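This report walks through a set of local features in one model. Keep the sequence and the structure at hand.

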Number of protein chains: 2
Amino acid sequence: MIVVATPNPAVDLTYRVGTHTLGGTNRVLDVQRRAGGKGVNVAHVLAALDVPVRAVLPLGGDAGRWLGSALAVPFDATACEAQTRSTVTVTGDGHPTVYAEPGPELSAAEWERFSALLATRIRDADLLVISGSLPRNAAPELVGEWVRLARDAGVRALVDSSGPALLAAARAGADVKPNREELLSATGAADETSGAAELSRLGAGLVVVSRGEDGIAAYAPSGVVSAPVVPGVQGNPTGAGDAATAGLAAALVRGLPLEEALRQAAAAGAAAVLRPVAGEIDLSAYRRFLNGAST
Amino acid sequence: MIVVATPNPAVDLTYRVGTHTLGGTNRVLDVQRRAGGKGVNVAHVLAALDVPVRAVLPLGGDAGRWLGSALAVPFDATACEAQTRSTVTVTGDGHPTVYAEPGPELSAAEWERFSALLATRIRDADLLVISGSLPRNAAPELVGEWVRLARDAGVRALVDSSGPALLAAARAGADVKPNREELLSATGAADETSGAAELSRLGAGLVVVSRGEDGIAAYAPSGVVSAPVVPGVQGNPTGAGDAATAGLAAALVRGLPLEEALRQAAAAGAAAVLRPVAGEIDLSAYRRFLNGAST
């Protein structure tokens, strides 16, 4: 079973407008609402891949209540006082515009309850995935703490985060999966190889770097392995990175070789591009991509 | 007591961003959330003016539950199945950008329950105010029905709406308070005087037209009366029209002469401009404006 921790879940709203006018009033033609946040997307894709999964997340206010009701996987939530955040994506003419709320500020006691809940759930896990940002004013070191909880229980941890939280995960010995920009930004390195080396030096296990159009690479003690992107796939890239994390996590718990795990990650990422919303993949395309087909 | 019906209330969210980027991701620095919708704003300003007021509105889902908890006036709500809508206003560099959800679709049975509730509350009222848009697919004639409910109970009705709903209100004999654009758009008239004449011809009592910088005018059987805008007031114009409606309604139930009622409406509108959010007025400025002071 994979436990997925989402420290900053979100109610993802998509507004469809006609012409998008900055500085004016836009009538929203259609509203879609779904449970989101990177970890929630990962958990949903794992469930689609038939991997037993359990989400652990803080939920607050009426937005948190709604999010809980919209989760398609088993979950445990700690209640927090402040509202779970929303994100608004406006689609219409041109490229989507995203407004990302920073997320609620949790008290120290609320984080303690969250960590305690996670510790309980980790006991039954084969892998802990921690995915996404931390909410406002949360200490990046929390991610390190959760990784150590897992490692103390003999459970591997895979972290997709950015900035100081990514560094804290590496220091605590997690496998990490930043995208290339996150890797360079967090480490201050000039190129991917030195960025990955820096995370390894800090203590990271596997360093998996998603490179967008350039595929995915894994830096391991045994060397570097990579898989190309599935060619010719066009659609909605939002959530593709989360689907790749899910594909990678599924392969890791099945004990597959690293090269095969990267192929599964790339196939899951491409199969997510074919779906209009994050947290979903086109399963038949996923199977075709695994068998070496392009679109 | 004034009963204020808000057929399409909204959770008003204000997002503050740094630079506002169309087609990109905008980190929201700060989120404000308040109960909104034009009728809710009117009710809140009436309460600020110490006028006994009761709001009647449909509320649905977790957004509706939150909105009820955030109302600062006594209210009665009918539960509806679909979510109460939200509006998002993005402030940052430049003019605010508004995204207005269309509102939930209510079933015929839900509208019947709403009308029945309104009929009960109207019995205790001195005035019924109906303010704002109708939600998605609601029949404009509903507004006419509510006006007739009031008139059958011997209660005056004042309607601030637009389009077919404004025409339905006029036909049912309501006092109406469109702004100039709404008046011209609903009647198809070329100028304000002929637009007001058309609403009178349909059956409207008083036709009060808010003209922005050009003040406010009332077309009555006895002739035309107007009041100028309070000069030199700068700030947030959102909700100024609703505050003017509240000022007008408060004066009407107190039986003040029309000219004085318009002065109160103009003063309340100007006092709302001085407040950063809709539904509030600067009370001391309101009193100064009534005494003839400018800013």
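This is a predicted model: local features need pLDDT of at least 70, side-chain atom pairs count only at pLDDT 80 or more; totals for chains, interfaces and linings use all residues.

Residues are numbered from 1 along each chain as its sequence is written, chains are lettered from A and ligands numbered from 1 in the order in which they are written, and side-chain values use heavy atoms, with hydrogens and water left out.

**Domain record**

An unreviewed UniProt entry lists "domain: Carbohydrate kinase PfkB" for residues 12–278 of chain A. UniProt positions follow the numbering used here, feature names are shortened, and annotations may be inferred rather than shown by experiment. The span is 40% helix and 26% strand, and its end C-alpha atoms lie 10 Å apart. Helices (H or I, at least four residues) and strands (E, at least two) are DSSP runs, numbered from the N terminus.

**A helix pair in chain A**

Two packed helices are described by the angle between their axes and the distance between the axes. Helix α5 (residues 163–171) and helix α6 (residues 180–187) of chain A pack at about 85°, with axes 9 Å apart. Axes are lines fitted to C-alpha atoms, for helices over the stretch in contact, and angles run from 0 to 180 degrees between N-to-C directions. α5(A) and α6(A) are therefore roughly perpendicular. Angles of 65 to 115 degrees count as roughly perpendicular, under 35 as roughly parallel, over 145 as roughly antiparallel and the rest as oblique.

Contact means heavy atoms within 4.5 Å. On the α5(A) side are A:G163, A:L166 and A:L167; they meet A:E182, A:A186 and A:T187 in α6(A). By class, this contact has 3 nonpolar, 2 polar and 1 charged residues. Ala, Val, Leu, Ile, Met, Phe, Trp, Tyr, Cys and Pro count as nonpolar, Asp, Glu, Lys and Arg as charged, and the others, Gly among them, as polar.

**Accessibility**

Buried means under 20% relative accessible area, exposed over 50%, and partly exposed in between (1.4 Å probe, protein chains only).

| Residue | Relative accessible area | State |
|---|---|---|
| A:C80 | 9% | buried |
| B:C80 | 8% | buried |
| B:R34 | 16% | buried |
| A:A196 | 1% | buried |
| B:S200 | 34% | partly exposed |
| B:D50 | 67% | exposed |
| B:N137 | 64% | exposed |

How many disulfides are there over all chains? The count is 0, with a disulfide taken as a pair of cysteine sulfur atoms within 2.5 Å.

**Buried sites**

B:R34 sits in strand β3 (residues 25–36) of chain B. Beyond neighbours within four places in sequence, B:R34 contacts residues including B:D12, B:N41, B:W66 and B:V277. B:W66 is one of the buried residues of helix α2 (residues 61–70) of chain B. The buried residues of α2(B) pack against elements of both chains: β3 and α2 of chain A, and β2, β3, β4 and β5 of chain B.

A:A196 lies in helix α7 (residues 192–202) of chain A. Leaving out residues up to four places away, A:A196 touches A:L183, A:V207 and A:Y219. A:A196 and A:Y219 are 23 residues apart along the chain, with C-alpha atoms separated by 6.7 Å. In chain B, B:S200 of helix α7 is 8.5 Å from B:Y219, C-alpha to C-alpha.

**Positive phi**

B:D50 has phi near 65°, a positive value in a residue other than glycine. B:D50 lies in the loop between α1 and β4 of chain B. B:N137 also has phi near 65°, in the loop between β8 and α4 of chain B.
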